[in-house]
Amino acid sequence: MQTQSTYSLEGAGLSCIRDDRVLFEDLAFELVSGQVLLLEGKNGSGKTSLLRILCGFREPDTGDILWCGDAVKDSPFYAQMAYVGHLDGIKKELTVLENLKMSLALSSSGQYSIHEALAKVHLAGYDDILVQALSAGQKRRLSLARLLITENVLWILDEPFTSLDKQGIALIETLMTEHCANGGMIVLTSHHDIDLHDVDVRRINLS
Amino acid sequence: MSLSRAFVAVIRRDLILALRRRSEIANPLLFFILVITLFPLGIGAQPHLLQAIAPGIIWVSALLAAMLSLDSLFRSDFDDGSLEQILLSPHPTSVLVLAKIIAHWLVTGLPLLVVAPLLAVFLGLPNHSLGILLLTLLLGTPVLSLIGAIGVALTVGLRRGGMILSLLVLPLYVPVLIFAGNAVQMAGSGLPVDAQINILISILLMALVLAPLPVAAALKMSIN
């Protein structure tokens with residue numbers, strides 16, 4: 001992760017229409033290194049849709065997303081972002097180590113090695129355990145470990161605190177604070193009120 | 001961040017997964033064997049008839065076995081979110097998708113090749129056409145996986161895409177069926193089959209180059 005250069009993510013005039021229902025219109029935001037964007041709103045207000053638009057899974061009905069001033073398609077956006085969604089994206093028939101190796105092969109290696117990352121999310125020693133033997137909270141921590149082993153600036157997290165206990169939540173908050181201090185940025189949705197020290201948290205309420 | 005490493009990693013991962021859930025390998029293979037063994041029982045004691053239609057039986061069974069196995073190509077990745085991660089990779093999706101298709105063929109297509117000689121003898125296929133049968137299967141079954149992948153990619157987002165999938169994919173399988181079946185038939189009568197084999201090779205090469213692109217595009221649509 002490069003600390004010296006700053007990155008920016010910009011959305012302008014974004015709108016999303018789903019089944020003839022306008023979820024949001026003319027939404028604009030700007031995010032630079034070190035900041036967190038927290039999307040709030042009631043269920044069905046378009047939080048996940050906005051995240052999926054940022055990931056490029058959906059096209060916005062209007063508006064543009066810019067990464068460091070360039071359109072996402074013309075920028076190295078996908079090499080610099082990581083997404084953890086509702087679905088964990090991990091295979092339950094593979095071991096913890098095999099899953100992380102796969103994520104690493106799809107991207108480039110980041111700040112931590114696989115073993116350091118597992119230690120950080122309190123899964124050290126679970127390397128050879130099949131994921132189907134893990135609890136829901138452990139699975140979530142494993143999918144978050146992916147953020148640590150790959151090189152990325154922007155984290156896009158959809159309800160990262162689901163099925164985590166208090167310790168787990170505190171752990172993720174620490175990781176998020178560290179990431180921002182290292183010049184990263186985060187876009188997330190959460191029902192849980194996040195508690196980040198010394199981090200510039202911007203909020204958008206969609207409802 | 002090398003593309004070849006990602007390519008190999010995807011193939012490796014899918015092979016490990018197939019080994020851990022064995023039904024994925026066993027199902028199409030068992031289906032292939034069962035259908036072919038039922039034909040002699042249904043037709044009765046008419047060895048000449050059986051011998052005459054053997055190439056057709058083997059190829060139609062291979063085609064249906066391939067159809068049966070298609071859904072597993074992207075289903076589990078779609079359900080657990082791995083597909084999202086593959087699409088978000090900075091590597092070109094079409095190349096990663098090609099790796100998945102190759103792994104799928106190794107798991108579902110290649111085993112058919114292994115049992116085909118045995119079943120051919122069982123149906124009384126002349127020995128001298130055995131080589132051609134294997135060659136057509138070697139050239140044809142990868143095409144079934146490649147073309148099938150387009151159909152699966154289009155329908156994986158639908159909960160009940162099975163019916164549409166067969167309607168989409170089967171017509172596209174017909175050229176392979178015609179040329180492969182015909183080649184084996186001709187070889188049985190001792191006629192040259194260069195033309196059919198060349199056409200199968202060209203179909204395979206075309207599918208290898210062209211299929212991954214629409215598959216990648218269709219997956220992006222399905223994931224939405």
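Predicted model: local features only at pLDDT ≥ 70, side-chain atom pairs only at ≥ 80, totals over all residues.
**Chain A overall**

Chain A has five helices and nine strands. Reading from the N terminus, the order goes β-β-β-α-β-β-β-α-α-α-β-α-β-β. Its radius of gyration is 17 Å, close to the 17 Å that the globule rule gives for 207 residues, so chain A is as compact as a globular protein of that length. If you want a box for it, the C-alpha atoms fill roughly 50 × 40 × 30 Å along the principal axes.

Of the 207 residues in chain A, 39% are buried. Take the contacts in chain A with a separation of 6 or more: 74% of those join residues 24 or more positions apart.

**Two open sheets**

Strands of a sheet pair through backbone hydrogen bonds, and the pairing can be parallel or antiparallel.

| Strands in sheet | Order (chain A) | Pairing |
|---|---|---|
| four strands | β2-β1-β4-β5 | antiparallel |
| five strands | β6-β7-β8-β3-β9 | parallel |

Start with the antiparallel sheet, which is open and has four strands in chain A. Its edges are β2 (21-32) and β5 (70-71) of chain A, each of which pairs on one side only. Strand β4 (residues 62-67) of chain A is joined to β5(A) by two bridges, with the two running antiparallel. At residue level, A:Trp67 has A:Asp70 of β5(A) as its bridge partner. Helix α1 (residues 47-55) of chain A lies across β1 (8-18), β2 and β4 of chain A, and it runs at about 125 degrees to β1(A).

Now for the parallel sheet, an open one of five strands in chain A. Here the edge strands are β6 (81-84) and β9 (200-205) of chain A, again with each pairing on one side only. From one strand to the next, the twist averages 15 degrees. Inside this sheet, four bridges link β3 (residues 35-40) of chain A with β8 (residues 185-189) of chain A, and these two run parallel. One residue to look at is A:Val36, which stands opposite A:Ile186 in β8(A). This sheet also has a helix across it: α5 (residues 166-181) of chain A lies across β3, β7 (154-158) and β8 of chain A, at about 145 degrees to β8(A).

**Where chain A meets chain B**

The contact takes 21 residues from chain A and 21 residues from chain B. On the chain B side, the elements giving two or more residues are α1 (3-20) and α5 (82-88) of chain B. Which element gives the largest share of that side? That's α1(B), with seven residues. Sorted by class, the side of chain B that touches chain A has nine nonpolar, six polar and six charged residues.

**The nonpolar core**

In soluble globular proteins, nonpolar side chains tend to be buried together. In this model, the largest nonpolar core has 125 residues. The ones with the most contacts inside it are A:Ala145, A:Ile156, B:Ile58, B:Ala153 and B:Leu219. Helix α8 (residues 130-155) of chain B supplies the largest share of this core, 14 residues.

A:Ala145 is a handy one to click on. Leaving aside neighbours within four places in sequence, A:Ala145 is in contact with A:Leu100, A:Ala117, A:Leu118, A:Val121 and A:Leu123.

Definitions and conventions:
Residues numbered from 1 in each chain as written. Chains lettered and ligands numbered in written order. Rg over C-alpha atoms; globule rule 2.2 N^0.38 Å. Buried ≥ 20, exposed ≤ 12 C-beta atoms within 10 Å, placed from the backbone. Contact = placed C-beta atoms within 7 Å. Pairing = 2+ DSSP bridges. Axes fitted to C-alpha atoms, helices over the stretch in contact; angles between N-to-C directions. Nonpolar A, V, L, I, M, F, W, Y, C, P; charged D, E, K, R; others polar. Core = buried A, V, L, I, M, F, W, Y, C linked by C-beta atoms within 7 Å.
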